[in-house]
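Work through the exercises below with the sequence and the model side by side, and try each task before reading its solution.

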Amino acid sequence: MLTIEFEEPKEETCDCCGGITTRLTRFVYQDDDAFAIYYAVFSDNHPGREVKAAIGLGEWGGESTPEQRHSFGLVLREKESQYEVMIVNAEESPWHDATNIGQMLNRDEALAHPWIEDVFHITDHMVTDDPAIKAYFEGEQLIA
């Protein structure tokens, strides 16, 4: 069973449009064990509704290192009351150089990686269980 630990969202003014950009850091547990971290970002003023995200999977114990993890860059979009997940190349992700979540894989590597099903499982929970992402896609203001 997956559970998510929610850090307080961070909001800032978007450099390109003047809207509000929301940044999220989330910790994912599987059966109470550290399983993944995800970062997500979205803006209230950009055309269309999309969430850019990165999911880091691998070993998270006290002795673990980033070399024991891989990260996956992605974009979430709502389309006709469903969600689309697009895996992107590393250089397209705002977190392509984040070292703590492991080496970010390019699209072809990510889609062939044995952890890709875990990535998709986490994205299912992101759109249903994360109140900030859910409110964003529903066009609502998140009340903290």
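Predicted model: local features only at pLDDT ≥ 70, side-chain atom pairs only at ≥ 80, totals over all residues.

**Exercise 1.** Is tyrosine 39 buried or exposed?

Residues are numbered from 1 along each chain as its sequence is written, and side-chain values use heavy atoms, with hydrogens and water left out.

*Solution.* The scale calls a residue buried under 20% relative accessible area, exposed over 50% and partly exposed in between, using a 1.4 Å probe and protein chains only. Tyrosine 39 has a relative accessible area of 13% and is therefore buried.

**Exercise 2.** Determine how many aromatic pairs there are, and explain why the pair of tyrosine 39 and tryptophan 95 is classed as it is.

*Solution.* Rings of Phe, Tyr and Trp (its six-membered ring) pair if their centres lie within 6.5 Å, and planes under 30 degrees apart count as stacked, over 60 as edge-to-face and the rest as tilted. The count under this rule is four aromatic pairs. For tyrosine 39 and tryptophan 95 the ring centres are 6.0 Å apart and the planes stand at 25 degrees, so this pair is stacked. Tyrosine 39 belongs to strand β4 (residues 33-43), whereas tryptophan 95 lies in the loop between β7 (82-88) and β8 (103-105), so the pair ties together parts that are 56 residues apart in sequence; here helices (H or I, at least four residues) and strands (E, at least two) are DSSP runs, numbered from the N terminus. Tryptophan 95, also at 13% relative accessibility, counts as buried. Elsewhere, ring pairs link Phe42, Tyr83, Tyr136 and Phe137 into a cluster.

**Exercise 3.** Find which residues have the most contacts inside the largest nonpolar core, and which elements give two or more residues to this core.

*Solution.* A nonpolar core is a set of buried Ala, Val, Leu, Ile, Met, Phe, Trp, Tyr and Cys residues joined through side-chain atoms within 4.5 Å. The largest such core has 28 residues, and those with the most contacts inside it are Ile55, Ile122 and Ile133. Two or more residues come from each of β1 (2-6), β3, β4, β5 (50-58), β6 (69-79), α2 (116-129) and α3 (131-137). If neighbours within four places in sequence are set aside, isoleucine 122 is in contact (heavy atoms within 4.5 Å) with residues including Leu2, Val28, Phe35 and Ile55. A second, separate core has ten residues, among them Ile37, Tyr39, Trp95 and Ala98.

**Exercise 4.** How many disulfides does a search of the whole structure find?

*Solution.* A disulfide is a pair of cysteine sulfur atoms within 2.5 Å, and the search finds zero. Cysteine 16 is in no disulfide, the nearest cysteine sulfur being that of cysteine 14 at 3.4 Å. Cysteine 16 counts as exposed at 63% relative accessibility. Cysteine 17 is likewise in no disulfide, with the sulfur of cysteine 14 nearest at 3.6 Å, and is partly exposed at 27%.
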